[in-house]
Amino acid sequence: MIDSFFFDFDGTLQGFENHEISDSTIKALKLLKQKNKKIYIATGRNMADMPDHIFTYGFDGYINNNGGMCSNEKRETFFVDYINPNDIEALLKYDEENPFSFSYMTKDAFSINRVNENVEKSFAYFGMEVPEVVDPRTLPKDNIMQMNFFVDEEQEAYLMNNIMKNSLSTRWIEYFADINPKDISKMRGIERVAERDQLDLSKTMAFGDGGNDISMLQGCKIGVAMGDAKDNVREVADYVTTSADDHGIWNALKYFELI
């Protein structure tokens, strides 16, 4: 029987139409808690960019930055990793001659180096404000947990092969790619949480809709793709539900007779 659940945030818990968590999802989370199940968030978002209401639903822990930071139910961090400073140095040199837009996350802040149309489209898609513009050369190079590169797939491949040699990228919408340290993924975050909270990975279930969710959909006992997920995500899932805006979490939990 599944006793631990891991939920992506954008496109999974929160839909893209109204940028809200549906009443059915809130009800499902309450029912899981009533059954003494463990519920966790596993998101690409930084903790500093989570909406305050998310902390009222009784989550047992938080995996942020695609697994780069893991925290307990009180948001106390017990694991954090950073992008290799050599990669940051190489990126800044590249950007001097080939300027492009990228954002960067520290434990407490989310900033961007320059804003363009893709940046504006991306944050509008999430219902978020564009981060503060900050010159990355003024920041320490050893405390950046995650980045977003607002480039196409061809430039992304070049950057990962030639500049960000100690990092990896995942992409789930056309406007940008997530950049994380090489050994970071949502599934590695789940493994760290499982070790800390003594969870049985054979009794876990994950919900997601993007490329950065693939590792946990494959690694958990049951992986559920949301209805509007791309084909590469749907292909690795054990089950495809409806979209977040169409009661996807509720419908999947009912299908598996978990609520």
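Is C220 buried or exposed? C220 is buried, with a relative accessible area of 4%; buried stands for under 20% relative accessible area, exposed for over 50%, and partly exposed for what lies in between (1.4 Å probe, protein chains only). This is a predicted model, in which local features need pLDDT of at least 70 and side-chain atom pairs count only at pLDDT 80 or more, while totals for chains, interfaces and linings use all residues. Residues are numbered from 1 along each chain as its sequence is written, and side-chain values use heavy atoms, with hydrogens and water left out. Helices (H or I, at least four residues) and strands (E, at least two) are DSSP runs, numbered from the N terminus.

**Cysteines**

- The structure holds zero disulfides, a disulfide being a pair of cysteine sulfur atoms within 2.5 Å.

**Aromatic rings**

- A search of the whole structure finds 21 aromatic pairs. Rings of Phe, Tyr and Trp (its six-membered ring) pair if their centres lie within 6.5 Å; planes under 30 degrees apart count as stacked, over 60 as edge-to-face and the rest as tilted.
- F100 and F102 make a tilted pair, 5.3 Å centre to centre with 55 degrees between the planes. F100 is buried at a relative accessible area of 6%, and F102 is buried at 1%.
- F123 and F150 make a tilted pair as well, 6.3 Å centre to centre with 35 degrees between the planes. This pair links distant parts of the chain, 27 residues apart: F123 belongs to helix α3 (residues 117-126), and F150 to the loop between β9 (146-149) and α4 (153-162).
- F123 is buried at 4% relative accessibility, and F150 is buried at 6%.
- Ring pairs join F123 and F150 with F16, F110, Y125, F126 and F176 in a cluster.

**Charges over rings**

- R192 lies over the face of F79, 3.8 Å from the ring centre. A charge sits over a ring if NZ of Lys or CZ of Arg is within 6 Å of the ring centre and within 35 degrees of the ring normal.
- The charged end of R196 sits over the ring of F78, at 4.9 Å from its centre.

**Helix α4**

- Which residues of α4 are buried? E156, L159 and M160 are buried.
- These residues lie on the same side of α4, because they cover an arc of only 95 degrees around the axis. The arc is that of the directions from the helix axis to the C-beta atoms.
- The buried residues of α4 pack against α2 (85-97), β9, β10 (167-173) and β11 (176-181), with contact meaning heavy atoms within 4.5 Å.
- On the face turned away from the buried side of α4 are the exposed residues E154 and N161.
- At the start of α4, a side-chain oxygen of D152 comes within 3.3 Å of the backbone nitrogen of E154.

**Positive phi angles**

- H19 is not a glycine, yet it has a positive phi of about 55 degrees. H19 sits in the loop between β1 (4-7) and α1 (23-34) and is partly exposed, at 25% relative accessibility.
- Q198, also not a glycine, has a positive phi of about 55 degrees. Q198 is found in the loop between α5 (186-197) and β12 (204-208) and is exposed, with a relative accessible area of 74%.

Definitions and conventions:
Polar contact = N/O pair within 3.5 Å; in protein donor to acceptor, adjacent residues only side chain to side chain.
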